[in-house]
Amino acid sequence: AKRIAEYAAAGIACIACLPLIACIALILYATSGRPILYSQTRLGKYSRPFRMYKFRTMMPDAERDGAQWSSDNDSRTTPFGRFLRKTHLDELPQLVNILKGEMSFVGPRPERPEFQTLLEKKIPFYSYRHMVRPGVMGWAQMNYPYGASVDDAYEKLRYDLYYIKNRSFILDVLIVMHSLKFLFVGSPRKI
């Protein structure tokens, strides 16, 4: 039932957000050129790899030296990219990932394979977060600030495991409602 509801909601959201998506794409093209979209391999349910889509918020050559964690005030981020990150509008293209069944609206954020290997070695039970489909929004994002280290990943895992153990329709609605308000006031802070 959750999958059917998410598929329908993602389809409606894609249509409703089409003018906003077009506007963001035009501004991105005008301010920092192409590519407009950025895709990255992430790990989904049961650690299956998939391509996750976002609006590009960094300079096109941001990872010329290889994979790196991004930080809250990353110097590689463009001025318009900072706005997109703060409002989470950079994640609108992930509606396609929801339609494809690779992501849910709510769940642990999907990790990059490059970091997953490191984190599984350093943090016990880290792979448990792959028991559910990853999400655009999550309990960890609601309760923990931007993470860019192994220690941050450990703290976020605690919230992810709490979500996995206690997930329900009500908890998902709470997370969605809490996350949507940050379209207007910016990134969430620890609560």
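Predicted model: local features only at pLDDT ≥ 70, side-chain atom pairs only at ≥ 80, totals over all residues.

Visitor: Why is the sulfur of Cys 14 too far from the closest cysteine sulfur for a bond?
Guide: The closest one, in Cys 17, is 7.6 Å away, so that's too far. A disulfide here is a pair of cysteine sulfur atoms within 2.5 Å. By this rule the count is zero disulfides.

Visitor: OK, how many helices and strands does the protein chain have?
Guide: Nine helices and four strands. Both are DSSP runs numbered from the N terminus: helices are H or I with at least four residues, strands are E with at least two. From the N terminus on, the order is α-α-β-β-α-α-β-α-β-α-α-α-α.

Visitor: How much of the chain is buried?
Guide: Buried residues make up 42% of the 191 residues. Buried means under 20% relative accessible area, exposed means over 50%, and partly exposed is in between (1.4 Å probe, protein chains only).

Visitor: Which residues are buried in H3?
Guide: Phe 80, Gly 81, Leu 84, Arg 85 and Thr 87. After H3 comes His 88, with a positive phi near 65 degrees.

Visitor: Switching topic: how many salt bridges does the structure hold?
Guide: Seven. A salt bridge here is a side-chain nitrogen of Lys or Arg within 4 Å of a carboxyl oxygen of Asp or Glu.

Visitor: Which residue does Lys 54 pair with?
Guide: Asp 90, with the closest N and O atoms 3.4 Å apart. This pair links distant parts of the chain, 36 residues apart: Lys 54 is in strand S2 (residues 49-55), while Asp 90 is in the loop between helix H3 (79-87) and helix H4 (94-99). Both Lys 54 and Asp 90 are buried.

Visitor: What about Glu 91, which side chain does that one meet?
Guide: Arg 109, in a salt bridge of 3.7 Å, N to O. Here again distant parts of the chain are linked, as Arg 109 sits in the loop between strand S3 (104-106) and helix H5 (113-122), and Glu 91 in the loop between H3 and H4, 18 residues apart. Arg 109 counts as buried because its relative accessibility is 12%, and Glu 91 is buried too, at 14%.

Visitor: Got it. How many cavities of 30 Å³ or more are there?
Guide: One. The largest cavity has a volume of about 30 Å³. On a 1 Å grid over the protein atoms alone, a cavity is a set of points where a 1.4 Å probe fits but cannot get out, and lining residues have an atom within 4 Å of a point. Grid points are joined across faces, edges and corners, and the volume is the space filled by probe spheres set on the points.

Visitor: Which residues line the largest cavity?
Guide: Among them are Leu 43, Gly 44, Pro 108 and Arg 109. The lining divides into five nonpolar, two polar and two charged residues. Ala, Val, Leu, Ile, Met, Phe, Trp, Tyr, Cys and Pro count as nonpolar, Asp, Glu, Lys and Arg as charged, and the others, Gly among them, as polar.

Visitor: Last one: is Phe 125 buried or exposed?
Guide: Exposed, because its relative accessibility is 53%. Phe 125 lies in the loop between H5 and strand S4 (135-137), and has a positive phi of about 70 degrees although it is not a glycine.

Technical notes
Residues numbered from 1 in each chain as written. Heavy atoms only, no water. 1 Å grid on protein atoms, 1.4 Å probe; cavity = no way out; pocket = protein on both sides within 12 Å on 5 of 7 lines; lining within 4 Å.
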